[in-house]
Amino acid sequence: MRVDLQQAVRLLKAGNVVAIPTETVYGLAADATNDEALCQIYAIKQRPMDNPLIVHIADANQVSHWAAEFSPLAQKLANAFWPGPFTLVLPAKLDVSLIVRADQPTVALRVPAHPLALQLLKESGLALAAPSANKFTQLSPTMAMHVTAGLGDNIPVLDGGACKVGIESTIVAVQRDDWQLLRLGMISEAEIESVASKASSMFSQPIKAPGQHHLHYSPRTPMRLFSSRDALIASANVYSAALLIGEGLQPACQIFQLNKNATDVAQQLYDTLHKMDALNTSELLIEAPPNAPEWLAILDRLTRAAS
Ligand code: TXA
Ligand code: MG
């Protein structure tokens, strides 16, 4: 069911979950200090309890409520990339819910760049834990209707339109003056390196990113990834549907074609996969993107979806 901003504020303050828009994907949000509300997120998603949640905050001033350490390097990255599709994993304060951080010594924080999400954070005065608003391992939602299709109409959804970035945030762990990439996203490793003025490095205490399951972001229809258009065409038949990136020869099956532009493909990727899945064909044939840095996050999602 759709809710407006004021209803969303009321529901969240009362300890309920609400699906909210962000610039990356829709999140299934709850008060990050309310363990009962947090447990509802895990239950609705059927997500294992050892897979920690990202805490969304209104601005970088809130970091000190959650992180035991906000080093100059972490501050530099926050200044450069917040609000935006960028999550910082920092050492957690001891009083941060063990449910939200799934017993990790760290907490994941992000200031989203979506006007409705920011308004919600400010008006509620809450920090919102929000994983993607889909069942565990399934496709992430980038439109309100994807949330309803995946989780049912009982979930309250704040509709903020189509997500502009379209794939999940880049996740970076920072300890003192070292950083490490935990999940690829549209903010690239090179951009982080340039702001950090140094390459990523290993921590003395290894950091875990639970929940980076191999099988993830998956449509229900079996899906295969092809590194060449010719191989894809050779595998196509009337029972398949194909996702093509850019112009060129076309297979003899239902076709979805995206521009050969990484920003555009990221934005449309999940919606296109949701549509292809709904066709109930026997197989989805996906053309792999070019082998270049700006495509890495998209290739990561497609590889997991196809595994
Ligand atoms: O763009 C996004 O990040 C979206 C929107 C809603 O903000 N959220 C999202 O959440 O993708 P989710 O639950 O699908 O992925 C969160 C991932 C976890 O699977 C885990 O790998 C990592 O973030 N994570 C969260 N807390 C962590 C922690 N304390 N230490 C290490 N990794 C953590
Ligand atoms: Mg997810």
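Contact means heavy atoms within 4.5 Å. Helices (DSSP runs of H or I, at least four residues) and strands (E, at least two) are numbered from the N terminus. The model is predicted: local features need pLDDT of at least 70 and side-chain atom pairs 80 or more, while totals for chains, interfaces and linings use all residues. Residues are numbered from 1 along each chain as its sequence is written, chains are lettered from A and ligands numbered from 1 in the order written, and side-chain values use heavy atoms, without hydrogens or water.

**The two domains.** Domain 1 covers residues 2-196, and domain 2 covers 223-305. These bounds come from an automatic or database domain assignment. Taken over C-alpha atoms, the centres of domain 1 and domain 2 are 28 Å apart. Domain 1 gives 19 residues to the contact, and domain 2 gives 15 residues.

**The four-stranded sheet.** Follow the strands in the order β11-β14-β12-β13. The sheet is open, and its pairing is parallel. Two strands pair if DSSP finds at least two bridges between them. Angles are taken between N-to-C directions, from 0 to 180 degrees, and axes are lines fitted to C-alpha atoms, for helices over the stretch in contact.

Strand β14 spans residues 283-287 and runs parallel to β11. Four bridges join the two strands. Look for F226: its bridge partner in β14 is E287.

**Helices on the sheet.** Helix α9 (residues 262-278) packs on the sheet. α9 touches β11, β12 (240-245), β13 and β14. The directions of α9 and β12 make an angle of about 170°. Helix α10 (residues 296-306) lies across β11 and β14. α10 runs at about 135° to β11.

**Helices α9 and α10 together.** The axes of α9 and α10 cross at roughly 20° and come within 10 Å. The two helices are therefore roughly parallel to each other. Angles under 35 degrees count as roughly parallel, over 145 as roughly antiparallel, 65 to 115 as roughly perpendicular and the rest as oblique. The α9 and α10 crossing is left-handed: the near helix is turned anticlockwise from the far one by less than a right angle, and clockwise would be right-handed. From α9, the contact uses A262, V265, A266, L269, Y270 and L273. From α10 come I298, R301 and L302. Eight of these residues are nonpolar, none is polar and one is charged. Ala, Val, Leu, Ile, Met, Phe, Trp, Tyr, Cys and Pro count as nonpolar, Asp, Glu, Lys and Arg as charged, and the others, Gly among them, as polar.

**Helices α1 and α5.** Helix α1 (residues 5-13) packs with helix α5 (residues 115-124) at an angle of about 50°. Their axes are 10 Å apart. That angle makes α1 oblique to α5. The α1 and α5 crossing is right-handed. On α1, the contact is made by L5, Q6, A8, V9, L12 and K13. On α5, L116, Q119, L120, E123 and S124 take part. This α1 and α5 contact holds six nonpolar, three polar and two charged residues.

**Two backbone details.** Most residues other than glycine have a negative phi, and most peptide bonds are trans. The peptide bond from W82 to P83 is cis, with omega near -10°. P83 sits in the loop between α4 (72-81) and β5 (86-91). D103 has a positive phi, near 65°. D103 lies in the loop between β5 and β6 (106-110).
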